[in-house]
Structures are given as structure tokens and as C-alpha cells.
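Thanks for asking me to look this one over with you.

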Amino acid sequence: MVGLCDIRRKGPNSELDHIGILGITVRREFRGTGIGKALLKDALQRNKGVFEIVLLDVFSTNQIAINLYKKLGFKEYGYLKNAVKRGNEYIDEIKMYYNVE
Ligand SMILES: CC(C)(COP(=O)(O)OP(=O)(O)OC[C@H]1O[C@@H](n2cnc3c(N)ncnc32)[C@H](O)[C@@H]1OP(=O)(O)O)[C@@H](O)C(=O)NCCC(=O)NCCS
């Protein structure tokens with residue numbers, strides 16, 4: 001396996017049933033060859049009729065992932081400063097959504 005993209009239900013059997021949470025990763029040595037884009041396109045396509053909104057959080061420093069998400073239609077809806085603390089370092093997160101149509 002060289003990559004994984006999943007969309008999990010945010011709140012099973014709840015008022016959040018229509019929302020999916022996206023995760024994606026490609027093995028380091030296979031990055032930059034189009035696999036991430038293909039996986040994400042496929043996941044969004046397959047989830048038509050399953051979810052109405054897909055959400056994700058991405059480190060504000062992760063420009064490659066941000067580029068990919070924007071390219072496939074994700075929009076920014078929030079920004080959380082100091083979302084993650086690693087030792088004494090803080091990382092901000094951008095919150096993004098995609099409307100599945
Ligand atoms: C983010 C990730 C999944 C992208 O997968 P990938 O297979 O490397 O991406 P692709 O080769 O399909 O490229 C998709 C888009 O990403 C962007 N991109 C890819 N490599 C890039 C680079 N070196 N610099 C800037 N943008 C880049 C481009 O917009 C590209 O689209 P284009 O080829 O049409 O220009 C991959 O880098 C990864 O696994 N990163 C570590 C885990 C991670 O950050 N996951 C997301 C957490 S929110």
C-alpha cells in the first residue's frame with residue numbers, strides 16, 4: 001500500500017450524520033507523483049450520496065496538502081492558532097470544508 005484516504009462519519013446516528021472527516025497520507029517515497037490527488041478525487045467521488053459535507057484540519061505549515069485541498073475545491077472556514085503543541089512549539093491549523101454535490 002502506498003497511500004490511504006478515508007472519510008469517517010463525524011457523528012454516527014446523530015444530527016452530524018451528513019458530515020465526514022477526511023484523512024489522507026501517501027508514503028514519503030511516492031509523494032509528488034499524483035497519488036494523493038487521485039486518492040482524494042476518488043474518495044470524494046465515492047462519497048457522493050453518503051456525505052454532504054467533508055471537513056478537515058491541516059497544519060498551516062503544510063503547503064503541499066493545502067494546495068491539494070484547494071485544487072480539489074476545499075474552502076477555508078476557520079483558523080485555530082496554537083492548535084497543536086509539540087514540546088515548546090505551537091502549530092496553527094486551518095479548517096477546511098468541501099460541499100459534496
Ligand atoms: C499531502 C499529500 C497526501 C499529497 O499527496 P501527493 O501524492 O504527494 O500529492 P500529488 O502528487 O497528488 O499532488 C497533488 C497536489 O499537491 C500539491 N503539491 C504536490 N507536491 C507539491 C510540492 N512539492 N509543492 C507544492 N505543492 C505540491 C499540488 O497542488 C499538486 O497538484 P498538481 O500536481 O496538479 O500541481 C502527501 O504529501 C502526504 O502524504 N503528506 C504527509 C501527510 C499529510 O500531510 N497529510 C495531510 C494532513 S491534513
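The points below go through the ligand, its contacts and the pocket.

1. Please keep in mind that this is a predicted model. The values here are computed from it.

2. The shell around the ligand counts 19 residues, and Val26, Gly34, Gly36, Lys37 and Asn62 are the closest of them. Sorted by class, this shell holds 8 nonpolar, 7 polar and 4 charged residues.

3. Which elements supply at least two residues each to the shell around the ligand? They are the strands β2 (19–26) and β3 (53–59), together with the helices α1 (35–46) and α2 (63–71). Of the elements, α2 gives the most, with 6 residues.

4. Next, have a look at some individual contacts. Glycine 36, already listed among the closest residues, has a backbone N or O atom 2.7 Å from an oxygen atom of the ligand. Arginine 31 places a polar side-chain atom 3.3 Å from a ligand oxygen atom. In the side chain of asparagine 67, an N or O atom is 3.0 Å from a nitrogen atom of the ligand. As for cover, the ligand taken alone exposes 940 Å², and the protein buries 70% of that.

5. Where does the ligand sit? You will find it in the largest pocket, whose volume is about 710 Å³.

6. The lining of the largest pocket is made of 23 residues. Nearest the centre of this pocket are Arg31, Asn62, Ile64, Ala65 and Leu68. Arg31 is also the residue with a polar side-chain atom 3.3 Å from a ligand oxygen atom, while Asn62 is among the residues closest to the ligand.

7. Finally, the make-up of that lining. β2, α1, β3 and α2 each supply at least two residues of the lining, and the largest share, 6 residues, comes from α2.

Technical notes: Residues numbered from 1 in each chain as written. Predicted model: local features only at pLDDT ≥ 70, side-chain atom pairs only at ≥ 80, totals over all residues. Heavy atoms only, no water. Near = heavy atom within 4 Å. Polar contact = N/O pair within 3.5 Å; in protein donor to acceptor, adjacent residues only side chain to side chain. Areas by Shrake-Rupley, 256 points an atom, 1.4 Å probe, with all protein chains shown as cover. 1 Å grid on protein atoms, 1.4 Å probe; cavity = no way out; pocket = protein on both sides within 12 Å on 5 of 7 lines; lining within 4 Å. Sits in = over half its atoms within 2 Å of the grid points. Helix = DSSP H or I, 4+ residues; strand = E, 2+ residues; numbered from the N terminus. Nonpolar A, V, L, I, M, F, W, Y, C, P; charged D, E, K, R; others polar. Points joined across faces, edges and corners; volume = space filled by probe spheres on them.
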